[in-house]
Amino acid sequence: MQKKHQLYPSKMKAMVMEAPGQPLVLKNLDVPKPAADQVLVKIIACGVCRTDLHIMDGELSRPKLPLVMGHEIIARVVRTGTTVLNLREGDLVGIPWLGYTCGKCRYCLKGMENLCENAQFTGYDIDGGYAEYTLAHQDYCFPLDPSYGNPTAASLMCAGLIGYRSYKMIDKNAKRIGLYGFGAAASLLIQLANWQKKEIYAFTRDEDRKAQQFALRLGAAWAGDSSQTPPKPMDASIIFAPVGPLIPKALQDVDKGGTVVCGGIHMSDIPSFPYDILWEERTLRSVANLTRMDATDYLAIAPKIPVKANITTFKLEEANMALEALRNGKLEGAAVLVMD
Ligand SMILES: [Zn+2]
Ligand SMILES: [Zn+2]
(Lines give C-alpha, C1' and ligand atoms only; values in the text may rest on other atoms or scores of the structure.)
(Ligands and ions follow the chains in the order given, each with its own letter.)
Protein backbone atom coordinates (compact mmCIF):
# COMPACT_ATOMS: atom_id res chain seq x y z
CA MET A 1 0.00 0.00 0.00
CA GLN A 2 1.31 3.41 -0.82
CA LYS A 3 2.10 5.67 2.13
CA LYS A 4 -0.16 8.68 2.35
CA HIS A 5 1.59 11.95 3.04
CA GLN A 6 0.13 15.04 4.56
CA LEU A 7 -0.56 17.68 2.00
CA TYR A 8 1.47 20.83 2.00
CA PRO A 9 1.98 23.57 -0.55
CA SER A 10 4.93 23.84 -2.92
CA LYS A 11 5.71 27.44 -1.97
CA MET A 12 6.22 29.14 1.38
CA LYS A 13 6.78 32.58 2.83
CA ALA A 14 10.15 33.25 4.43
CA MET A 15 11.95 36.31 5.80
CA VAL A 16 15.40 36.17 4.23
CA MET A 17 18.69 37.77 5.22
CA GLU A 18 20.55 38.67 2.01
CA ALA A 19 23.46 40.62 3.50
CA PRO A 20 24.59 41.81 6.94
CA GLY A 21 23.38 45.22 8.01
CA GLN A 22 20.22 45.07 5.89
CA PRO A 23 16.64 44.37 6.91
CA LEU A 24 15.23 40.91 6.14
CA VAL A 25 13.28 40.56 2.92
CA LEU A 26 9.96 38.73 2.52
CA LYS A 27 10.33 36.01 -0.14
CA ASN A 28 8.23 33.29 -1.67
CA LEU A 29 10.48 30.21 -1.66
CA ASP A 30 10.09 26.57 -2.66
CA VAL A 31 9.17 24.34 0.27
CA PRO A 32 12.37 22.26 0.66
CA LYS A 33 12.46 18.46 0.30
CA PRO A 34 13.92 16.38 3.14
CA ALA A 35 17.09 14.36 2.54
CA ALA A 36 17.04 10.75 3.76
CA ASP A 37 17.96 11.67 7.36
CA GLN A 38 15.92 14.88 7.56
CA VAL A 39 12.35 15.85 8.32
CA LEU A 40 10.28 18.63 6.82
CA VAL A 41 8.38 20.52 9.50
CA LYS A 42 5.53 23.02 9.39
CA ILE A 43 6.46 25.81 11.78
CA ILE A 44 3.98 26.89 14.43
CA ALA A 45 6.19 29.60 15.89
CA CYS A 46 9.80 30.72 16.03
CA GLY A 47 11.39 32.86 18.73
CA VAL A 48 13.56 35.87 17.98
CA CYS A 49 16.89 35.67 19.78
CA ARG A 50 19.64 38.17 20.48
CA THR A 51 21.95 35.91 18.47
CA ASP A 52 19.83 36.77 15.42
CA LEU A 53 20.74 40.43 15.95
CA HIS A 54 24.44 39.50 16.18
CA ILE A 55 24.09 37.60 12.87
CA MET A 56 22.25 40.45 11.17
CA ASP A 57 24.78 43.00 12.40
CA GLY A 58 27.70 40.92 11.11
CA GLU A 59 29.11 40.23 14.59
CA LEU A 60 28.77 36.51 13.85
CA SER A 61 30.44 36.74 10.54
CA ARG A 62 30.00 33.50 8.64
CA PRO A 63 26.30 32.89 8.05
CA LYS A 64 25.22 31.06 4.92
CA LEU A 65 23.74 33.63 2.56
CA PRO A 66 21.00 34.09 1.69
CA LEU A 67 19.86 32.85 5.09
CA VAL A 68 16.60 32.12 6.85
CA MET A 69 17.42 32.89 10.52
CA GLY A 70 15.59 31.50 13.53
CA HIS A 71 16.59 28.73 15.97
CA GLU A 72 13.76 28.63 18.52
CA ILE A 73 11.37 26.56 16.47
CA ILE A 74 8.13 24.88 17.53
CA ALA A 75 6.82 22.75 14.67
CA ARG A 76 5.06 19.63 13.48
CA VAL A 77 6.65 17.04 11.25
CA VAL A 78 4.89 16.91 7.88
CA ARG A 79 7.25 14.63 5.97
CA THR A 80 10.06 12.30 6.96
CA GLY A 81 13.14 11.34 4.92
CA THR A 82 13.47 7.73 3.78
CA THR A 83 15.74 6.60 6.65
CA VAL A 84 14.04 8.48 9.49
CA LEU A 85 12.81 6.04 12.14
CA ASN A 86 12.49 8.10 15.32
CA LEU A 87 9.91 10.62 14.11
CA ARG A 88 6.55 10.43 12.37
CA GLU A 89 4.36 12.79 10.48
CA GLY A 90 2.32 14.80 12.97
CA ASP A 91 4.93 14.71 15.76
CA LEU A 92 5.36 17.92 17.75
CA VAL A 93 9.03 18.92 17.92
CA GLY A 94 11.29 21.73 19.04
CA ILE A 95 14.35 22.63 16.96
CA PRO A 96 17.24 24.47 18.65
CA TRP A 97 20.47 26.21 17.65
CA LEU A 98 22.48 22.96 17.53
CA GLY A 99 21.50 21.59 14.12
CA TYR A 100 24.15 18.95 13.44
CA THR A 101 27.35 17.52 14.92
CA CYS A 102 29.79 15.10 13.28
CA GLY A 103 30.16 12.51 16.05
CA LYS A 104 33.79 11.98 15.00
CA CYS A 105 35.89 14.98 15.99
CA ARG A 106 37.87 15.07 19.25
CA TYR A 107 35.17 17.16 20.96
CA CYS A 108 32.32 14.89 19.93
CA LEU A 109 34.34 11.88 21.08
CA LYS A 110 34.81 13.52 24.50
CA GLY A 111 31.07 14.11 24.88
CA MET A 112 31.46 17.83 24.16
CA GLU A 113 29.42 17.96 20.99
CA ASN A 114 28.51 21.57 21.79
CA LEU A 115 32.09 22.35 20.71
CA CYS A 116 32.06 20.10 17.60
CA GLU A 117 34.50 21.25 14.92
CA ASN A 118 32.01 20.45 12.19
CA ALA A 119 28.84 21.62 13.94
CA GLN A 120 26.10 23.28 11.96
CA PHE A 121 23.76 25.71 13.59
CA THR A 122 20.10 26.26 12.82
CA GLY A 123 19.38 29.67 11.35
CA TYR A 124 23.10 30.25 10.69
CA ASP A 125 24.63 27.35 8.71
CA ILE A 126 21.24 25.79 7.99
CA ASP A 127 18.03 27.65 7.11
CA GLY A 128 15.92 28.09 10.21
CA GLY A 129 12.52 29.14 11.44
CA TYR A 130 11.69 32.57 10.02
CA ALA A 131 9.56 30.70 7.48
CA GLU A 132 6.46 28.57 7.16
CA TYR A 133 8.44 25.33 6.69
CA THR A 134 11.98 24.17 7.28
CA LEU A 135 14.15 21.05 7.26
CA ALA A 136 15.86 19.55 10.28
CA HIS A 137 18.13 16.57 10.88
CA GLN A 138 16.21 13.77 12.59
CA ASP A 139 18.58 13.63 15.58
CA TYR A 140 18.36 17.37 16.31
CA CYS A 141 14.57 17.63 16.67
CA PHE A 142 13.29 17.19 20.19
CA PRO A 143 9.83 15.78 20.94
CA LEU A 144 7.81 18.24 23.03
CA ASP A 145 5.22 17.85 25.73
CA PRO A 146 1.78 18.53 24.17
CA SER A 147 1.40 21.57 26.44
CA TYR A 148 4.27 23.17 24.49
CA GLY A 149 2.63 23.01 21.04
CA ASN A 150 2.19 26.79 20.88
CA PRO A 151 4.15 30.05 20.59
CA THR A 152 4.77 30.36 24.34
CA ALA A 153 7.26 27.47 24.17
CA ALA A 154 9.46 28.93 21.41
CA SER A 155 11.94 30.74 23.62
CA LEU A 156 12.53 27.60 25.68
CA MET A 157 14.42 26.24 22.66
CA CYS A 158 17.26 28.74 23.04
CA ALA A 159 16.82 31.17 25.91
CA GLY A 160 15.56 28.30 28.06
CA LEU A 161 18.32 25.93 27.01
CA ILE A 162 21.22 28.36 27.32
CA GLY A 163 19.95 29.37 30.76
CA TYR A 164 19.75 25.71 31.71
CA ARG A 165 23.28 24.95 30.47
CA SER A 166 24.66 28.03 32.29
CA TYR A 167 22.85 26.98 35.47
CA LYS A 168 24.34 23.47 35.23
CA MET A 169 27.82 25.03 35.33
CA ILE A 170 27.40 26.46 38.83
CA ASP A 171 27.71 24.59 42.09
CA LYS A 172 24.52 22.65 42.84
CA ASN A 173 24.63 23.95 46.40
CA ALA A 174 24.74 27.61 45.39
CA LYS A 175 21.82 29.30 47.09
CA ARG A 176 22.05 32.99 46.20
CA ILE A 177 22.32 33.33 42.44
CA GLY A 178 22.79 36.60 40.56
CA LEU A 179 21.35 37.00 37.06
CA TYR A 180 22.75 39.97 35.12
CA GLY A 181 20.36 41.03 32.37
CA PHE A 182 16.74 40.09 32.93
CA GLY A 183 15.40 39.20 29.48
CA ALA A 184 14.11 35.97 28.03
CA ALA A 185 16.81 33.63 29.36
CA ALA A 186 16.66 34.95 32.94
CA SER A 187 12.86 35.00 32.99
CA LEU A 188 12.79 31.28 32.14
CA LEU A 189 15.68 30.25 34.37
CA ILE A 190 14.23 31.95 37.46
CA GLN A 191 11.24 29.60 37.26
CA LEU A 192 13.46 26.52 37.40
CA ALA A 193 15.68 28.04 40.11
CA ASN A 194 12.73 29.03 42.31
CA TRP A 195 11.31 25.53 41.92
CA GLN A 196 14.63 24.30 43.32
CA LYS A 197 14.34 26.77 46.22
CA LYS A 198 17.13 29.11 45.11
CA GLU A 199 17.24 32.85 45.84
CA ILE A 200 17.51 34.88 42.66
CA TYR A 201 19.04 38.37 42.58
CA ALA A 202 18.13 40.15 39.34
CA PHE A 203 20.47 42.87 38.03
CA THR A 204 19.07 45.01 35.21
CA ARG A 205 20.13 48.03 33.20
CA ASP A 206 20.34 50.98 35.59
CA GLU A 207 16.94 52.53 36.31
CA ASP A 208 15.07 49.79 34.38
CA ARG A 209 12.26 49.63 36.93
CA LYS A 210 10.02 47.71 34.52
CA ALA A 211 12.47 44.82 34.22
CA GLN A 212 13.03 44.91 37.99
CA GLN A 213 9.27 44.71 38.64
CA PHE A 214 9.06 41.84 36.15
CA ALA A 215 11.81 39.95 38.02
CA LEU A 216 10.08 40.53 41.38
CA ARG A 217 6.75 39.33 39.95
CA LEU A 218 8.51 36.13 38.86
CA GLY A 219 9.76 35.59 42.40
CA ALA A 220 13.19 37.24 42.55
CA ALA A 221 14.41 37.74 46.13
CA TRP A 222 15.95 41.07 45.11
CA ALA A 223 16.04 43.21 41.96
CA GLY A 224 18.16 46.27 41.31
CA ASP A 225 20.48 48.16 39.01
CA SER A 226 23.59 46.40 37.69
CA SER A 227 25.70 49.15 39.26
CA GLN A 228 24.26 48.47 42.72
CA THR A 229 25.96 46.28 45.31
CA PRO A 230 23.57 43.50 46.33
CA PRO A 231 22.66 43.16 50.03
CA LYS A 232 24.65 39.92 50.33
CA PRO A 233 27.44 38.35 48.25
CA MET A 234 26.30 35.96 45.53
CA ASP A 235 27.23 32.26 45.67
CA ALA A 236 27.27 32.21 41.86
CA SER A 237 26.14 34.40 38.99
CA ILE A 238 25.19 34.15 35.35
CA ILE A 239 25.63 37.06 32.94
CA PHE A 240 23.09 37.09 30.11
CA ALA A 241 23.49 40.71 28.98
CA PRO A 242 26.14 41.11 26.22
CA VAL A 243 27.95 43.75 28.23
CA GLY A 244 31.64 43.14 28.98
CA PRO A 245 31.88 45.56 31.97
CA LEU A 246 29.41 43.29 33.82
CA ILE A 247 32.18 40.70 34.20
CA PRO A 248 34.30 42.65 36.73
CA LYS A 249 31.08 43.82 38.42
CA ALA A 250 29.79 40.25 38.80
CA LEU A 251 33.20 39.12 40.10
CA GLN A 252 33.03 41.87 42.73
CA ASP A 253 29.56 40.72 43.77
CA VAL A 254 30.36 37.00 44.03
CA ASP A 255 31.59 35.33 47.21
CA LYS A 256 34.93 33.55 47.63
CA GLY A 257 34.93 30.28 45.70
CA GLY A 258 31.97 31.44 43.58
CA THR A 259 31.52 31.06 39.84
CA VAL A 260 30.53 33.64 37.25
CA VAL A 261 29.16 32.14 34.03
CA CYS A 262 28.84 34.12 30.79
CA GLY A 263 25.81 32.81 28.90
CA GLY A 264 26.03 34.96 25.77
CA ILE A 265 27.50 34.12 22.40
CA HIS A 266 28.87 37.62 21.93
CA MET A 267 29.89 40.31 24.39
CA SER A 268 31.41 43.78 24.23
CA ASP A 269 35.05 44.04 25.36
CA ILE A 270 35.85 43.39 28.99
CA PRO A 271 37.62 46.26 30.77
CA SER A 272 40.81 45.39 32.65
CA PHE A 273 40.28 44.66 36.33
CA PRO A 274 42.41 44.06 39.44
CA TYR A 275 43.37 40.45 40.11
CA ASP A 276 41.98 40.55 43.63
CA ILE A 277 38.35 40.37 42.40
CA LEU A 278 39.16 37.01 40.77
CA TRP A 279 41.44 35.77 43.54
CA GLU A 280 40.17 33.54 46.38
CA GLU A 281 39.19 30.81 43.96
CA ARG A 282 36.52 32.63 42.04
CA THR A 283 35.90 31.08 38.63
CA LEU A 284 34.96 32.88 35.43
CA ARG A 285 33.76 30.81 32.47
CA SER A 286 31.59 30.89 29.39
CA VAL A 287 29.13 28.38 27.98
CA ALA A 288 28.82 27.70 24.27
CA ASN A 289 25.89 26.23 22.37
CA LEU A 290 24.26 23.14 23.84
CA THR A 291 24.39 19.37 23.73
CA ARG A 292 21.49 17.13 22.82
CA MET A 293 21.57 15.92 26.42
CA ASP A 294 20.93 19.48 27.62
CA ALA A 295 17.88 19.67 25.39
CA THR A 296 16.51 16.28 26.40
CA ASP A 297 17.01 16.97 30.11
CA TYR A 298 15.58 20.48 30.03
CA LEU A 299 12.56 19.59 27.91
CA ALA A 300 11.75 16.77 30.34
CA ILE A 301 11.89 18.98 33.44
CA ALA A 302 10.37 22.22 32.06
CA PRO A 303 6.76 20.99 31.64
CA LYS A 304 6.75 19.67 35.23
CA ILE A 305 7.38 23.12 36.74
CA PRO A 306 5.83 24.23 34.31
CA VAL A 307 8.16 26.82 32.78
CA LYS A 308 6.10 29.43 30.94
CA ALA A 309 7.44 32.19 28.75
CA ASN A 310 6.09 35.69 28.71
CA ILE A 311 5.90 36.55 25.02
CA THR A 312 5.06 39.29 22.56
CA THR A 313 3.89 37.85 19.25
CA PHE A 314 4.56 39.16 15.76
CA LYS A 315 3.56 37.91 12.33
CA LEU A 316 6.29 36.37 10.18
CA GLU A 317 6.22 39.47 7.95
CA GLU A 318 6.92 41.61 11.03
CA ALA A 319 10.29 39.94 11.76
CA ASN A 320 12.22 43.19 11.26
CA MET A 321 9.93 44.94 13.75
CA ALA A 322 10.42 42.13 16.26
CA LEU A 323 14.21 42.35 15.89
CA GLU A 324 14.18 46.12 16.43
CA ALA A 325 11.97 45.77 19.51
CA LEU A 326 14.49 43.30 20.94
CA ARG A 327 17.40 45.58 20.05
CA ASN A 328 15.78 48.54 21.80
CA GLY A 329 15.07 46.56 24.95
CA LYS A 330 11.36 47.30 24.57
CA LEU A 331 10.20 43.75 25.24
CA GLU A 332 9.32 42.12 28.52
CA GLY A 333 10.11 38.47 27.93
CA ALA A 334 10.48 37.12 24.41
CA ALA A 335 9.55 38.10 20.86
CA VAL A 336 7.99 35.24 18.91
CA LEU A 337 7.01 35.03 15.25
CA VAL A 338 3.76 33.17 14.79
CA MET A 339 2.97 31.49 11.47
CA ASP A 340 -0.62 30.91 10.46
ZN1 LIG B 1 19.30 31.94 20.51
ZN1 LIG C 1 32.23 16.77 16.02
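A residue counts here as buried if 20 or more other C-beta atoms lie within 10 Å of its own, as exposed if 12 or fewer do, and as partly exposed in between, with C-beta atoms placed from the backbone. This is a predicted model, so local features need pLDDT of at least 70 and side-chain atom pairs count only at pLDDT 80 or more, while totals for chains, interfaces and linings use all residues. Residues are numbered from 1 along each chain as its sequence is written, and chains are lettered from A and ligands numbered from 1 in the order in which they are written.

To begin with the overall picture, the protein chain holds eight helices and 17 strands; helices (H or I, at least four residues) and strands (E, at least two) are DSSP runs, numbered from the N terminus. The chain's radius of gyration is 20 Å, close to the 20 Å that the globule rule gives for 340 residues, so the chain is as compact as a globular protein of that length. That radius is taken over C-alpha atoms, and the rule is 2.2 Å times the number of residues to the power 0.38. Along the principal axes, the C-alpha atoms fill a box of roughly 70 × 40 × 35 Å. Of the 340 residues, 48% count as buried. Among contacts with a separation of 6 or more, 68% come from residues 24 or more positions apart; a contact means that two C-beta atoms, placed from the backbone, lie within 7 Å.

Next come the domains. The domain assignment gives domain 1 (11-156 + 290-338) and domain 2 (170-286), with bounds that come from an automatic or database domain assignment. Their C-alpha centres lie 27 Å apart. Where the two touch, domain 1 puts in 14 residues and domain 2 puts in 11 residues. On the domain 1 side, the largest share, three residues, comes from α1. By class, that side has six nonpolar, five polar and three charged residues. For these classes, Ala, Val, Leu, Ile, Met, Phe, Trp, Tyr, Cys and Pro count as nonpolar, Asp, Glu, Lys and Arg as charged, and the others, Gly among them, as polar.

Helix α4 (residues 184-195) is worth a look of its own. At 1.5 Å a residue, its 12 residues should span 16 Å, and the end C-alpha atoms are 18 Å apart, which agrees; the expected span is 1.5 Å times one less than the number of residues. Buried residues in α4 are A184, A185, A186, S187, L188, L189, I190 and A193. Their cover includes α3 (159-168), β10 (176-180), β11, α5 and β17 (334-338). After α4 comes K197, with a positive phi near 65°.

Most residues other than glycine have a negative phi, and most peptide bonds are trans. The peptide bond from L65 to P66 is cis, with omega near -10°, and P66 sits in the loop between α1 (50-56) and β4 (73-80). I305 and P306 are also joined by a cis peptide bond, with omega about -20°; P306 is in the loop between α7 (292-301) and β16 (311-315).

As for positive phi, E207 has a value near 70° and lies in the loop between β11 (199-204) and α5 (209-217). E207 counts as exposed because it has 10 C-beta neighbours inside 10 Å. E281, not a glycine either, has a positive phi of about 65° and lies in the loop between β14 (254-262) and β15 (283-286). With 9 C-beta neighbours inside 10 Å, E281 counts as exposed.
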